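Dear colleague,

I am handing over a structure that you have not worked with before, and below it I set out what was found in it. Please open it alongside this email as you read.

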Amino acid sequence: MIRHVNRGKRSEIHKVAYSSGNLAVYLMSQAFATYLVYYYVDVLGVRPAWISLAMVFHGVLNALLNPLFGHLSDRTRTRFGRRLPYIGFGLVPLAAAFALLWTPPADEGAAFPYFIGTVMLYDALFVLVVLNYSALFPEMFQSIKDRAYVSSWRQMLGIVGMIVGVAIPPLLYSQIGWGAMGGVFAALSAVFLALSLWGSRENPDAPRTTFRLTTAVRHTLGNRAFVLYVIGSFLVQFTFALLPAGIPFYTKYVLGREESFNTLLLGAIFLSAIPCVFLWGRLTAKYGARQGILIAVACYAAALLPFGWITKEGGAIATAVAVGIGLAGLLVLLDVILSEVIDEDERGTGARREGMYFGMNGFIVRWGVSLQAACMGLILEASGYEAGLNEQPASAAIGIRWMLSGIPAAALLLALLFFYLYPLGKRQSRS
């Protein structure tokens with residue numbers, strides 16, 4: 001049985017404070033993903049092939065560190081708990097590593113080795129802190145009602161962090177420079193992670209795993225509920241990666257609009273998602289996570305389909321709003337369902353293994369980005385797209401529309417099957 005720390009109900013302010021960590025997570029990750037390669041290639045003049053190779057290595061390292069650090073966290077025992085020490089001691093070095101990414105040496109020849117070193121340092125600290133922050137969620141919030149409520153706050157604040165990380169950097173680096181921008185974002189991230197730490201509590205007596213790493217991985221991948229969940233999650237994350245990557249092509253070659261229209265489409269998605277996360281939280285608390293994610297996947301898939309035939313701005317914006325509604329549900333529900341898997345695992349193993357489950361989930365879904373890149377390359381190549389042409393052939397426009405509609409909808413239908421087979425929560429308590 002799950003052993004609770006005797007702490008009573010968490011206050012609303014503590015729930016929101018814990019959730020605020022997601023703002024820092026998404027702020028750093030989105031700024032990193034959106035602008036770091038541009039900065040080193042276009043501003044500093046580092047060869048694109050070298051940076052691309054380094055980013056491939058970054059992806060592999062990030063994926064491998066997730067289960068390794070998750071297992072380490074599960075086996076840790078201190079009087080402060082298993083997760084909190086890693087967050088407490090890691091948040092300031094993580095913020096400092098993020099700031100260092102944007103302050104390379106003046107020597108042009110040193111930029112690339114500096115890039116590799118700082119990215120590796122940032123990767124290790126990011127996984128260490130963020131994985132432990134995420135692993136606190138299932139232990140701190142045990143009822144479906146609390147999990148749905150807190151997940152709603154986490155995702156709402158995460159979307160805010162995402163918007164800040166994507167939209168604000170050009171305003172900052174053009175005025176105060178790249179290094180100062182990195183420092184501002186690093187300070188903000190440290191503040192929100194510290195606020196999250198203040199709102200966190202942990203049971204230092206939670207049953208610790210004694211499994212070796214190989215045994216822990218075998219038990220995790222042998223859990224049928226987790227395997228069904230993580231395949232569905234992988235397919236969903238693939239569509240999450242495909243959507244923002246495909247929108248610039250859709251804007252330019254289907255709608256015939258300037259690049260600034262990308263911001264309008266992405267803004268419509270995120271701004272409609274913000275209030276909807278709380279609606280999905282209420283639906284999850286009422287009907288359960290399994291039923292909720294089936295509805296969310298279906299809504300998200302249906303919302304993407306109009307991208308297949310819409311060629312006008314108004315219809316594209318309306319479609320983006322609808323996409324945000326379905327997207328919000330998936331953002332809220334994925335961690336809630338993984339928490340159910342972890343609860344069930346404890347009943348079988350006698351240990352709380354949030355670290356390994358979040359780590360293996362991170363390891364597997366990370367490859368969704370690789371699948372997205374391969375899928376985009378194949379579709380563009382097969383459809384006759386040629387870089388540098390202001391007007392692409394009609395076949396390229398059709399391929400781009402499929403890239404935002406039919407392909408992700410097919411992946412989501414497959415995800416729907418795996419979530420339908422997911423065995424937990426069929427008689428979900430509404431407590």
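Please keep in mind throughout that this is a predicted model. I begin with the second largest pocket, which holds about 560 Å³ of space. Its lining is made up of 17 residues, and those that lie nearest the centre of the pocket are P248, E259, N262, T263 and L266. Sorted by class, the lining of the second largest pocket has eleven nonpolar residues, together with four polar and two charged ones.

The other finding concerns a pair of helices, α2 (residues 21–43) and α4 (residues 84–101), which pack with their axes 11 Å apart and at an angle of about 25°. Because angles under 35 degrees count as roughly parallel, α2 is described as roughly parallel to α4. The crossing of the two helices, α2 and α4, is left-handed. On the α2 side the contact is made by M28, A31, F32, L36, Y39 and Y40, while α4 brings L94, F98 and L101 to it. By class, the contact of α2 with α4 has nine nonpolar residues, and there are no polar and no charged residues in it.

Methods: Residues are numbered from 1 along each chain as its sequence is written. This is a predicted model: local features need pLDDT of at least 70, side-chain atom pairs count only at pLDDT 80 or more; totals for chains, interfaces and linings use all residues. Side-chain values use heavy atoms; hydrogens and water are left out. On a 1 Å grid over the protein atoms alone, a cavity is a set of points where a 1.4 Å probe fits but cannot get out, and a pocket is an open set with protein on both sides within 12 Å along at least five of seven lines; lining residues have an atom within 4 Å of a point. Grid points are joined across faces, edges and corners, and a volume is the space filled by probe spheres set on the points. Ala, Val, Leu, Ile, Met, Phe, Trp, Tyr, Cys and Pro count as nonpolar, Asp, Glu, Lys and Arg as charged, and the others, Gly among them, as polar. Axes are lines fitted to C-alpha atoms, for helices over the stretch in contact, and angles run from 0 to 180 degrees between N-to-C directions. Helices (H or I, at least four residues) and strands (E, at least two) are DSSP runs, numbered from the N terminus. Angles under 35 degrees count as roughly parallel, over 145 as roughly antiparallel, 65 to 115 as roughly perpendicular and the rest as oblique. A crossing is left-handed if the near helix is turned anticlockwise from the far one by less than a right angle, and right-handed if clockwise. Contact means heavy atoms within 4.5 Å.
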